[in-house]
Amino acid sequence: MQLVIAEKPSVGRSVASVIGATEKKDGYLEGNGYIVTWCIGHLVQLASPDKYDSKYGTKISEWSFSTLPILPEHWKFVVSSTTKQQFQVIQELMQDSRVDEIICATDAGREGECIFRYVYEKIGCTKPCKRLWISSMEDAAIREGFANLRPGADYDGLRDAALCRAKADWLVGINATRLFSVLYHRTLNIGRVMSPTLALIVQREAEIDTFKPVPFYTVALELPGLTVSGERMADKAAAEQLKEACQGANVTIKKVERKEKSEKPPALYDLTTLQRDANRLLGFTAQQTLDYLQSLYEKKLCTYPRTDSRYLTGDMADSLPVLVNLVANAMPFRKGIAITCDPQTVINDKKVTDHHAVIPTRNLKDADLSALPAGEKAVLELVALRLLCAVAQPHIYSETVVIAACAGGEFTAKGKTVKHPGWKALEDAYRAKMKDAEPKKEGAEKALPELTEGQTLSVSAAIVKEGKSS
């Protein structure tokens, strides 16, 4: 029999239902030549310092400079006290005489590899191992993954990277935490990632606190059909003087420049860019977004979350138009907007390493999206929007820049005329449905009247606007 080890119970049950292991046992499922069990996070972890020597202690009162730095010569691993029972289940299954091969089905990434290898090596298992490597929990993807299992040894480098990360965290975290805690006589947690990130936040906060806004003044002239603005001025009196000189005067159009411009669609989401947008648009923290996306992955509605790629692979090109139409039909914000699909804008094999970009799956077709928790539904809509935008047509517009002169001062105005909304029609429709949708900014989107160089226009009003640097 083949023993399949997933990362979580929910994933294990999904895999088991596809491969026919339907008989429930205590901590695993069995059937059709398979036994499917699961880890519950990290069952095995690096040992704490007191497991190497009692002199290292576990409380701040037992820590001292004399014991630092702590640098293990041979690293020890221990079974987590909260998950001993499930570890025992896996150990017995790995040692079961019926099992002749192990299939690693933990999440297809560095940490998933780490979770499995720690258990496999702690138990001392030597049975041959294969790797299930999938980017989606869809039934078809699971079946395809089992049809294309790869040797576990192909991922030794990934295991090494995970182990290196874990040891670096341990060395920095244990030694720096104890050093600063002893120095300042209270527990101060220091982390390899946490502390540099906190330092960036503190530095940025200090810049904000010490920033002093500087006032500036601009003169704006009201002309027939448009408003032109002068350059920023530090001197209010000079701005008032220019305003008085322009009041009731004529403006001469010095230059009219028109350019046709095109804004190409955005790339698909990787985890980081999705977290940024979910924070900016939805107010979610990075962890919330990851949690919602992980849940959508386990519900087979999104592909693998922990990806650093923003592209898809060439073998997905033929099926992409079907997926795009299916996603479009499931999203209420696209009503009345024509959907186009150019797969080549999102296909790039060279920019996909372990996993392709985050996209919805075909399971959207039969899913009851209204039953999803609000956070998951919001993230799913954001992922769906990005897919529809990424394969849509470019946003095409013409931009006009007018430069005018009056009373020795130079004034400008910019206008924009949309020729073809393209992907921005979808983005605008999505934002319009949001409760806290920002109103469109005036001016930049407004078309300017037809003007010619040398033309003169009368000033109907001149005002001084005060602003502050930010």
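1. A charge is said to sit over a ring if NZ of Lys or CZ of Arg is within 6 Å of the ring centre and within 35 degrees of the ring normal. Arg386 is placed in this way over the face of Tyr269, at 4.2 Å from the ring centre, and Arg232 lies over the face of Phe216, at 3.8 Å from the ring centre.

2. The model is a predicted one, in which local features need pLDDT of at least 70 and side-chain atom pairs count only at pLDDT 80 or more, whereas totals for chains, interfaces and linings use all residues. Residues are numbered from 1 along each chain as its sequence is written, and side-chain values use heavy atoms, with hydrogens and water left out.

3. The structure holds ten aromatic pairs, where rings of Phe, Tyr and Trp (its six-membered ring) pair if their centres lie within 6.5 Å, and planes under 30 degrees apart count as stacked, over 60 as edge-to-face and the rest as tilted. One of them is the stacked pair of Trp133 and Tyr155, with 4.8 Å from centre to centre and 15 degrees between the planes. Trp133 lies in the loop between strand 8 (129–131) and helix 4 (139–147), and Tyr155 in the loop between strand 9 (150–151) and helix 5, so the pair ties together parts that are 22 residues apart in sequence; helices (H or I, at least four residues) and strands (E, at least two) are DSSP runs, numbered from the N terminus.

4. Trp133 is buried at a relative accessible area of 16%, and Tyr155 is buried at 8%, given that buried means under 20% relative accessible area, exposed over 50% and partly exposed in between (1.4 Å probe, protein chains only). The rings of Tyr297 and Tyr304 have centres 5.5 Å apart and planes at 80 degrees, so this pair is edge-to-face; both Tyr297 and Tyr304 are buried. Tyr52, Trp75 and Trp170 form one aromatic cluster.

5. Where does Val459 lie? Val459 is in the loop between strand 15 (456–458) and strand 16 (461–468), and it counts as buried at 7% relative accessibility. Leaving aside residues up to four places away in sequence, Val459 touches Leu221, Glu222, Leu223, Cys246, Gly248, Ala249 and Val251, a contact being heavy atoms within 4.5 Å. The C-alpha atoms of Val459 and Thr83, 376 residues apart along the chain, are separated by 78 Å.

6. Leu183, in helix 5 (residues 156–184), is partly exposed, with a relative accessible area of 41%.
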